[in-house]
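Subject: Structure for your attention

Dear colleague,

Please find the structure below for your review.

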Amino acid sequence: MSRQEILEGLKSVLAPYTMDKEALNSINDETEFIKDLKINSANLIDIIIDAEERYEIEIDPDSAEKIHNAGSCIDIILEKMKEKA
Amino acid sequence: MSRRVVVTGMGVVAPNGVGIPAFLHAIQNGISGIKFIPLARELHFNCQVCGVPDFDFSHLKDYLSEVTFYGLKGSTIGYAIKAAADAWIDAGNTLYDGKIHWETGCVFGNSIADTEAMKRIIALVDSRQSRKLGSRMVEQLMNSGSTAYITGLLGLGNRIITNSSACATGSQAVLMGYEYIKHGMAKRMLVGSNEYIDNYIFGAFDAMRILSRKFNDTPEKASRPMSATAGGFVPGSGAGALVLEDLEFAQARNATIYAEVLGGATNSGAQQGTGSMTSPNAEGVVHCITDALKNANVAPEDIDLISGHLTATIADKTEIENWSEALGRKEENFPMTNSVKSMIGHCLSAAGSIEIVAVILQLLHQFVHPNINLEDPNPAITNIADVSCFPVKRTDRDLNIVAKANFGFGDVNACVIFSKYKR
């Protein structure tokens with residue numbers, strides 16, 4: 001799966017958690033979840049759970065702490081998919 | 001203190017009507033909201049009927065942001081949001097106005113926090129999958145969950161309280177809201193209560209053998225307060241909400257005024273005398289009614305209507321006795337009396353607020369709603385008060401002052417007095 005494909009998938013994962021659909025549509029590696037998408041910090045854990053389900057992976061707490069923007073999220077998803085494969 | 005407290009908004013999720021127009025139509029026409037519950041039969045409950053609101057959960061999307069709606073699971077909180085937001089809008093306010101209403105607070109109560117959230121937590125924790133619970137469970141598990149959702153949605157910035165006193169919760173919430181405004185602590189209070197009967201709560205009450213069991217095949221006949229064939233109450237779900245407001249504050253914003261809260265009282269019979277965990281001490285009830293009249297500055301003979309607690313158990317007769325003693329009125333001189341529960345069952349914590357919405361509607365539209373299923377009044381009751389005091393059909397009449405009471409487990413009583421609004 002390419003980074004671009006995961007970025008597209010991430011858009012649907014993030015959709016229920018942000019009211020700012022414009023910012024979501026122009027998402028890129030640098031997009032910060034809390035600052036740019038105005039996502040409630042408590043919801044980061046829900047986003048991780050939804051991503052785990054979508055990609056059939058498990059993101060441990062230490063890896064989850066590294067996620068702050070779309071790019072770092074894709075890094076972790078790719079890393080976990082690779083570990084699983 | 002010269003402040004007057006008025007009702008300026010109402011919202012309701014009742015088994016026989018969701019929204020004020022539907023509920024008004026239902027109580028005017030004696031429409032029952034009691035339904036047969038197949039699951040209750042499967043679970044071998046004695047009582048297999050329940051008051052269930054015709055509530056479409058997805059309708060909450062009209063009130064909540066997409067983000068808030070996503071992840072909200074519980075009917076208890078859903079009912080509360082619907083009733084409270086409707087009351088707020090009915091009072092002439094808008095949702096999402098971006099303001100913090102420092103002058104407006106909230107007292108909203110329930111008996112049991114969201115059981116649907118609890119079940120999800122129990123199932124995932126027990127199967128060692130607690131990490132899948134996510135961030136939204138605790139807010140729905142806490143007793144103050146409903147209040148938290150309401151006050152965030154409406155932007156309420158005054159005192160925010162979740163009360164709980166079993167079946168007296170709703171009337172007590174209204175009374176507390178009244179007191180805060182009366183004593184100048186708030187200009188407005190959003191007050192109410194909610195309850196959701198899931199099969200676990202249903203089963204626990206069923207086990208007490210205090211629920212109706214002989215009308216499972218005729219659900220609409222099952223809730224029969226004051227009837228000779230009353231054999232226990234029918235549980236019900238729902239929520240009621242009111243906006244209470246300082247009269248001058250309401251007038252300054254040209255609000256529509258529905259009725260006035262004259263005062264009330266709440267106390268306990270201390271589980272002494274005839275009282276226990278599950279039944280009220282008659283002395284406490286009489287005290288509560290007497291204190292409410294005194295607080296409201298109303299004479300017993302001025303009561304035009306009693307909206308009773310009257311659940312359809314053996315306690316109905318004792319309740320009528322207590323009213324008779326407290327008011328010093330009997331036989332033909334006993335006030336008109338009705339029980340909303342004949343149509344909706346006993347909505348436990350939500351009972352008081354839903355029934356108070358019914359009181360306000362009766363004052364506003366000048367009618368007494370029927371007691372349905374009272375074709376066979378209990379002679380022990382009609383020995384105290386004349387049978388004509390318990391109308392079985394909608395009765396249009398001049399209503400000025402209504403007394404409302406609810407009594408809860410733990411021997412807690414609440415009585416609130418309302419009147420038609422007069423300038």
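Two residues are taken to be in contact if their C-beta atoms, placed from the backbone, lie within 7 Å. On that basis, nine residues from chain A and nine residues from chain B take part in the contact. The side of chain A that touches chain B comprises six nonpolar, two polar and one charged residues (nonpolar: Ala, Val, Leu, Ile, Met, Phe, Trp, Tyr, Cys and Pro; charged: Asp, Glu, Lys and Arg; polar: the others, Gly among them).

This is a predicted model, in which local features need pLDDT of at least 70 and side-chain atom pairs count only at pLDDT 80 or more, while totals for chains, interfaces and linings use all residues. Residues are numbered from 1 along each chain as its sequence is written, and chains are lettered from A and ligands numbered from 1 in the order in which they are written.

Chain A has five helices and zero strands (DSSP runs, numbered from the N terminus: helices are H or I with at least four residues, strands E with at least two). The radius of gyration of chain A, 12 Å, is close to the 12 Å given by the globule rule for 85 residues, so chain A is as compact as a globular protein of that length (the radius is taken over C-alpha atoms; the rule is 2.2 Å times the number of residues to the power 0.38). Its C-alpha trace spans about 35 × 25 × 20 Å along the principal axes.

Chain B has 15 helices and 15 strands. The C-alpha atoms of chain B fill a box of roughly 65 × 55 × 40 Å along the principal axes.

Yours sincerely
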